[in-house]
Amino acid sequence: MSNQKIIKQGEHLIVPDNPIIPFIEGDGIGKEIWTSVKKITDSAIEKAYKGKRNINWLEVLAGEKAFNKTGTWLPAETMEAFRDYLVGIKGPLTTPVGEGIRSLNVALRQELDLYVCLRPVRWFKGVATPLLQPEKVHVTIFRENTEDIYAGIEWNAGTPEVEKVLRFLKEEMGVAKIRFPETTSIGVKPVSSEGTERLVRAAVQYAIDNRLPSVTLVHKGNIMKFTEGGFKKWGYALAEREFGDKVFTAEKFKKIENEQGVDAAVKYYDDAISKGKVFIKDVIADAFLQNTLLKPEEYSVIATLNLNGDYISDQLAAMVGGIGIAPGGNINYKTGHAIFEATHGTAPDIAGQNKANPCSVLLSAVMMLEYLGWKEAGELITRALENMFQNGIATNDLARFMKNGISLSTTEFSEELIKRL
Ligand code: NAI
């Protein structure tokens, strides 16, 4: 078995030709989608590597299926499998109500310290969009996954706990700015240099590896000086310190402009561009959201904190066809652990009707293949999908908005896609 395990050796992921990869089918539409994604992925791997490579899928349980079979929502064996086999994939999971677990997805991310939420966003020709020039959107979002106001450190208004925190803030920290202390809930926003650095490091490395032009740090440092402002400051410093002459920064550009004048700054910029260096810049989050609509071509790789990243991912996904086809991955680049996943939910309203769109999980599988270094198989799927959408062939959720769209069931869609691999 051990030679079927993916392992991390130093900087590198060592992937055997027949790796064991755990998967969670998912609740609701998960089953239909997974059946289709597995078939397409296996066919693409077979086509690309002619039997030299294949995936040994290992089903692990989570969500409703796990609860019905084992009485727990997230069995210990499932966590163990992801820890042991390093790379896995999952469908959507029902969020248990009143179980003491906020979300199974969050539990998995926290347990494996998957600090990057990776969301590539691109437009597929043929897919309906509210934009006039959707082909200009091509970004990869690195969202910090473990810190920020999302860390879940909060106290409810009116509880003895919040009173204690408010007393501490007032009496020991001299905080006098809380407008309505009697009825206030409090949340804490931790942002560290370590958390920032590992996220920005991953984003810059990704830009260098994929020859992308820029990394933009998106933040609200103008208002939240030490947390979001810290993210910007630590991000720039990390890029300059660790990536040296592979990058150039907007901060350095401004410094040269101030000290030596605009001509010298432009020379610095042109020289860096001619050498193919990655431009590190930053933008305030609200301006960024406007710019994504007005001039999306200015952005390539995005590095941002948890809450901003949540909004940004969904807005950008909506701009190119909705979260129904947006893929995602949660990754710890240090340990190699990664779980690729659907970005939509379990869609209980259409579950069991063979209409669900498998593309979010399918494109997540493509991300997984890229992560494994099996790019050829991933490209076969992407090209087949491009071909389908260009011809207006899709599941109903997308086809109904396409010009002369042809609406297929989940199974018909996957069969058609396999034919076009
Ligand atoms: P949802 O994403 O399941 O559904 C929203 C709408 O989008 C529905 O009309 C649904 O039919 C449609 N839709 C979603 N995925 C689709 C697909 N692949 N093909 C065609 N149509 C699709 O969000 P909702 O209804 O808010 O949540 C349902 C359940 O899913 C809840 O228990 C929620 O907690 C869970 N959830 C799980 C997520 C995950 O595991 N990553 C993410 C979001 C929600």
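Here is a quick tour of this protein chain, from its overall build down to a few residues worth a look. Keep in mind that this is a predicted model. The chain has 421 residues, and 48% of them count as buried.

**Overall build**

- Take the contacts with a separation of 6 or more: 73% of them are between residues 24 or more positions apart.
- As for the surface, the protein chain exposes about 20400 Å², and carbon and sulfur atoms supply 52% of that area.

**Charges and salt bridges**

- Count up the charged side chains and you get 51 positive and 54 negative. The centres of these two sets lie 3 Å apart.
- In general, side chains of opposite charge can pair when their charged atoms come close.
- This structure holds 26 salt bridges.
- E25, K31, E59 and K65 are joined up in a network of salt bridges.

**The K189 and D148 pair**

- K189 and D148 meet through their side chains in a salt bridge, at 2.6 Å from N to O.
- K189 sits in the loop between β9 (186-187) and α6 (193-209), while D148 sits in the loop between β7 (138-144) and β8 (154-155), so this pair ties together parts that are 41 residues apart in sequence.
- Both partners, K189 and D148, are buried.

**Two other pairs**

- E197 has a salt bridge with R241, and their closest N and O atoms are 3.4 Å apart.
- Helix α6 carries E197 and helix α7 (residues 228-243) carries R241, so the pair ties together parts that are 44 residues apart in sequence.
- E197 is buried, with a relative accessible area of 17%.
- R420 pairs up with E416 in a salt bridge, with 3.0 Å between the closest N and O atoms.
- R420 counts as partly exposed, at 29% relative accessibility.

**D27, a buried charge without a salt bridge**

- You'll find D27 in the loop between β3 (20-24) and α1 (30-49).
- D27 is buried yet has no salt bridge. The nearest side chain of opposite charge is K65, and that one is 8.1 Å away. A salt bridge here calls for a side-chain nitrogen of Lys or Arg within 4 Å of a carboxyl oxygen of Asp or Glu.
- Setting aside neighbours within four places in sequence, D27 is in contact with A62, G63, E64, K65, P92, L93, T94 and T346.

**P75, between two helices**

- P75 belongs to the loop between α2 (63-70) and α3 (76-85).
- With 6% relative accessibility, P75 counts as buried.
- Not counting residues up to four places away in sequence, P75 touches L61, A62, A66 and T70. A62 turns up among the contacts of D27 too.
- From P75 to G63 is 12 residues in sequence, and 9.3 Å in space from C-alpha to C-alpha.

Note on methods:
Residues numbered from 1 in each chain as written. Predicted model: local features only at pLDDT ≥ 70, side-chain atom pairs only at ≥ 80, totals over all residues. Heavy atoms only, no water. Buried < 20%, exposed > 50% of the residue type's maximum accessible area, 1.4 Å probe, protein only. Contact = heavy atoms within 4.5 Å. Areas by Shrake-Rupley, 256 points an atom, 1.4 Å probe, with all protein chains shown as cover. Lys, Arg positive; Asp, Glu negative; His and termini not counted. Charge placed at Lys NZ, Arg CZ, Asp CG, Glu CD. Helix = DSSP H or I, 4+ residues; strand = E, 2+ residues; numbered from the N terminus.
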